[in-house]
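Trainee: I would like to learn how to read a model like this one. Please take me through it feature by feature.

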Amino acid sequence: MKLNSILITGASSGIGKACALRIARPSRHLYLNGRNQNALMEIASQCITKGASVKTKNQDVNDRQSMNDWITAIDSLDLVLACAGVSENTLSAPKSDDFIYDIIQTNLYGVLNTVLPSISVMKRQPIKQDVRGRIAAISSIAGFISSASAASYCASKAAVDRLMIAMGGSLKNENILLSSICCGFVKTPMTSKNSFFMPGMVDADQAAYLILKGIARGKRRITFPLWLGSIARFLDLLPPNWTDGLYLQGRKSQSKSFR
Ligand SMILES: NC(=O)c1ccc[n+]([C@@H]2O[C@H](COP(=O)([O-])OP(=O)(O)OC[C@H]3O[C@@H](n4cnc5c(N)ncnc54)[C@H](OP(=O)(O)O)[C@@H]3O)[C@@H](O)[C@H]2O)c1
């Protein structure tokens, strides 16, 4: 996979940061986004040390116009990773109804605000080795299930997965490859406050490796660990009354109702 120009949202932390650090090398141009300017500058300087050239954009992915202006001003993009996302752990006031809107807003519309302008940039660039460009958005294995303890998160991730797979079906004729990244548990600040058991957890660098390997292979849906994804698919076939208790188990100590 020949990559010269790469854009990553949510590059200031966790999976996005790990992807940026794995991708950074001489002759690569990185466009890195996040809201935490200090963290973003720190990652940028680590990527520059590895030989990459870096431009940072301190930007909320929810600002559709600014995202569009930023992305469409870039000449060409070989790879876009939409990693920015929030969960009940990373929002400051998770108990109001706004919380539900905030999760759907960032996790779904933030991804759209990244993916749609990226498609228009890629449509105007030439085909190299059968591909114009690749775009991957991080959904989640949580999108395969309907967890009573994380309803808005599951809904947002299911929507991202459907969107990326369905849009990818038509865009492959334009040589633009769309992928949905269905992660299991990854050790990042997002999961650091979880007090329940997180089976199959990997660290952020391992997640970045699996994501980039899947994209290089042209996979439309990258699920890891596969066994956890398979169990989640099975659980989703069961009557909801059977599974509610399972999803609420272990969350009681966190004493939140995430609707
Ligand atoms: N960790 C897991 O187990 C896991 C599993 C499945 C899927 N995922 C998904 O993977 C993605 C990355 O999560 P992570 O685990 O790496 O979490 P993280 O360490 O909390 O990182 C989240 C990133 O998203 C950025 N972000 C959040 N809201 C933003 C906004 N409105 N505008 C711009 N950037 C924003 C944050 O940047 P700033 O703070 O600088 O704004 C940060 O860089 C998310 O979509 C998450 O849902 C994670």
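Mentor: Let's begin with S27, which sits in the loop between α1 and β2. Helices (H or I, at least four residues) and strands (E, at least two) are DSSP runs, numbered from the N terminus. This is a predicted model: local features need pLDDT of at least 70 and side-chain atom pairs count only at 80 or more, while totals for chains, interfaces and linings use all residues. Residue numbers start from 1 along each chain as its sequence is written.

Trainee: What is the phi of S27?

Mentor: It is positive, about 75 degrees, although S27 is not a glycine.

Trainee: Next, the helices. At what angle do α1 and α2 pack?

Mentor: Two packed helices are described by the angle between their axes and the distance between the axes. Here α1 (residues 14–23) and α2 (residues 37–49) pack at about 20 degrees, with axes 9 Å apart. Therefore α1 is roughly parallel to α2. Angles under 35 degrees count as roughly parallel, over 145 as roughly antiparallel, 65 to 115 as roughly perpendicular and the rest as oblique. Axes are lines fitted to C-alpha atoms, for helices over the stretch in contact, and angles run from 0 to 180 degrees between N-to-C directions.

Trainee: Which residues in α1 and α2 meet?

Mentor: K17, A20 and L21 of α1 meet I43, Q46 and C47 of α2; contact means that C-beta atoms, placed from the backbone, lie within 7 Å.

Trainee: Now the sheet. What is the order of its strands?

Mentor: Strands of a sheet pair through backbone hydrogen bonds, either parallel or antiparallel. In this open sheet of seven strands, the order is β3-β2-β1-β4-β5-β6-β9, with parallel pairing. Because β3 (53–58) and β9 (221–224) stand at the edges with a single partner strand each, one side of each is left without a neighbour in the sheet. On average, neighbouring strands are turned by 15 degrees against each other, direction ignored. Pairing requires that DSSP finds at least two bridges between two strands; β4 (residues 79–82) and β5 (residues 133–138) have four.

Trainee: Which residues are closest to the ligand?

Mentor: G10, G14, R35, N36 and G85 are the closest of the 32 residues around the ligand, where near means a C-beta atom, placed from the backbone, within 6 Å. The elements giving two or more residues to this shell are α1, β2 (29–34) and α4 (97–123). The largest share, three residues, comes from α1.

Trainee: Where is the cis peptide bond?

Mentor: It joins F224 and P225, with omega about -10 degrees. P225 lies in the loop between β9 and α7 (226–237).

How values were computed:
Two residues are in contact if their C-beta atoms, placed from the backbone, lie within 7 Å.
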